[in-house]
Amino acid sequence: MLAKLVYLLGAIVTVTSAILLLRGYARSRSRLLLWSGLCFAGLTVSNVLLFVDLVVLGADQSLYMWRLSTAAAAMLLLVYGLVFESE
């Protein structure tokens, strides 16, 4: 029960962060906020996949590679933003 709550809390925190970062980008047009918001949106997808993988599907199937791929793509977005969009 506690593990399910932690997985959901992680998804809620990352989606909230993504919304706040993208809302900040809409106001200030700072490109770094855009890349950070997109990174957190990808991490949200990864956390939702974690919940689906470990809670909904259980031991029947594994979404491990999908979770890892989405998290890596999200981190690459952030690295791109940090390297190429920094002033």
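This is a predicted model: local features need pLDDT of at least 70, side-chain atom pairs count only at pLDDT 80 or more; totals for chains, interfaces and linings use all residues.
## Salt bridges

A salt bridge here means a side-chain nitrogen of Lys or Arg within 4 Å of a carboxyl oxygen of Asp or Glu. Residues are numbered from 1 along each chain as its sequence is written, and side-chain values use heavy atoms, with hydrogens and water left out.

Arg31 pairs up with Glu85, with the closest N and O atoms 3.5 Å apart. That joins distant parts of the chain, 54 residues apart: Arg31 sits in helix α2 and Glu85 in the segment after α3. (Helices are DSSP runs of H or I, at least four residues, numbered from the N terminus.) Arg31 is partly exposed at 37% relative accessible area, and Glu85 is partly exposed at 24%; the label covers what falls between buried (under 20%) and exposed (over 50%), using a 1.4 Å probe and protein chains only.

The other bridge is Asp53 with Arg67, whose closest N and O atoms are 3.1 Å apart. Asp53 is in helix α2 and Arg67 in helix α3, so this pair ties together parts 14 residues apart in sequence. Both Asp53 and Arg67 are buried.

## How α2 and α3 pack

The axes of α2 and α3 come within 8 Å and cross at roughly 170°. Those axes are lines fitted to C-alpha atoms over the stretch in contact, with angles running from 0 to 180 degrees between N-to-C directions. The two helices are therefore roughly antiparallel to each other, a label for angles over 145 degrees.

Contact means heavy atoms within 4.5 Å. On the α2 side the contact residues include Leu32, Trp35, Leu43 and Asp53, and on the α3 side they include Tyr64, Arg67, Tyr80 and Leu82.

## A nonpolar patch on the surface

Leu32, Val79, Tyr80, Leu82, Val83 and Phe84 make up a nonpolar patch on the surface, with about 560 Å² of accessible area together. To join such a patch, residues need over 30% relative accessible area and no salt bridge, and nonpolar side chains (Val, Leu, Ile, Met, Phe, Trp, Tyr) are linked within 5 Å. The areas come from the Shrake-Rupley method with a 1.4 Å probe.

Helix α3 (residues 64-84) gives the most to the patch, with 5 residues. Leu32 belongs to helix α2 (residues 31-57) and is partly exposed, at 34% relative accessible area.

Key: Patches are made of residues with over 30% relative accessible area and no salt bridge: like charges are joined within 9 Å, nonpolar side chains (Val, Leu, Ile, Met, Phe, Trp, Tyr) within 5 Å. Angles under 35 degrees count as roughly parallel, over 145 as roughly antiparallel, 65 to 115 as roughly perpendicular and the rest as oblique.
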